[in-house]
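Here are my notes on this model, written as a few numbered points. Have the structure open while you read, and follow along residue by residue.

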Amino acid sequence: YKKALKAFYFLCGKTPMLPRYALGNWWSRYYRYSQQSYLELMDRFTKQHIPFSVAVLDMDWHLTDNDIDPAYGSGWTGYTWNRKLFPDPEKFLAELHNRGMKVTLNDHPADGIRAFEENYAAAAAAMGINPESKKPVQFDMADLKFIRVRQKYILDPLENQGVDFWWIDWQQGNNTKIPGLDPLWMLNHYTFRNMQSKRIRPLIFSRYAGPGSHRYPVGF
């Protein structure tokens, strides 16, 4: 059995060392928290001597169905803070860091980048789309240009605010315009490698993409 595992890792790569904070307790609940209520809950845990090292924010951190024009479709995908709930994201993230916590945001990326997003204009222009057209930047992990634009104009600004890593919640199938190329694989690979490029010990929280996924931990 050990020889089989050794052969598997030789073929498919080893599991990278996790950052230490990932080994602590994570708080995750699908609930419409506000900036105030989330911090109050973390303080309540501290008073009760219940330690947490990771704060997981589900999709209500961003604008959702109740906050966008139905003409744009579902609010499942989003990259713009819901300022009604989180009026000062930088302060919120800093407060969590001051409590010794790392932060991950939920990302359902399938609907791409749409015109209601704060950074849509810059991303659309970079993709060669006239921002005044309000045409969406289609999600396409087979397009290296899209991958780079999405990282630079959408993810990097959030990371600069204080987001430590991403909860990649892909659940829309395994097909791209390149036969055999799985979008989940590409999401996991490029998100992980981007963290490496910034000299951060990489961590993603993502769906399992099949054998070999151990190269991009952790999976669910």
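1. Start with helix α1, residues 2–12, where you'll find Leu-5. (Helices are DSSP runs of H or I with at least four residues, strands are runs of E with at least two, and both are numbered from the N terminus.) Keep in mind that this is a predicted model: local features need pLDDT of at least 70, side-chain atom pairs count only at pLDDT 80 or more, and totals for chains, interfaces and linings use all residues. Residues are numbered from 1 along each chain as its sequence is written, and side-chain values use heavy atoms, with hydrogens and water left out.

2. Leu-5 counts as partly exposed because its relative accessibility is 33%. (Buried means under 20% relative accessible area, exposed over 50%, and partly exposed in between, with a 1.4 Å probe and protein chains only.) Leu-11 is also found in helix α1, and at 69% relative accessibility it counts as exposed. Now look across the fold: Leu-11 and Gly-212 are 201 residues apart in sequence, yet 9.1 Å apart in space, C-alpha to C-alpha.

3. On to charges. Side chains of opposite charge can pair when their charged atoms come close. The count here comes to 11 salt bridges, a salt bridge being a side-chain nitrogen of Lys or Arg within 4 Å of a carboxyl oxygen of Asp or Glu.

4. One of them joins Asp-67 to Arg-32, with the closest N and O atoms 3.9 Å apart. This pair links distant parts of the chain, 35 residues apart: Asp-67 sits in the loop between β2 (54–57) and α3 (89–98), and Arg-32 in the loop between β1 (26–28) and α2 (35–47). Asp-67 is partly exposed, since its relative accessible area is 23%. Arg-32, at 37%, is partly exposed too. Arg-32, Asp-60 and Asp-67 are linked in a network of salt bridges.

5. Buried or exposed: what are the two partners Asp-140 and Lys-177? Their side chains meet in a salt bridge at 2.9 Å, N to O. They link distant parts of the chain, 37 residues apart, with Asp-140 in the loop between α4 (120–126) and α5 (144–161) and Lys-177 in the loop between β4 and α6. Asp-140 is buried, because its relative accessible area is 18%, whereas Lys-177 counts as exposed at 58% relative accessibility.

6. Last one: Glu-159 forms a salt bridge with Lys-198, the closest N and O atoms being 2.6 Å apart. Glu-159 is buried, with a relative accessible area of 17%, and Lys-198 is partly exposed at 33%.
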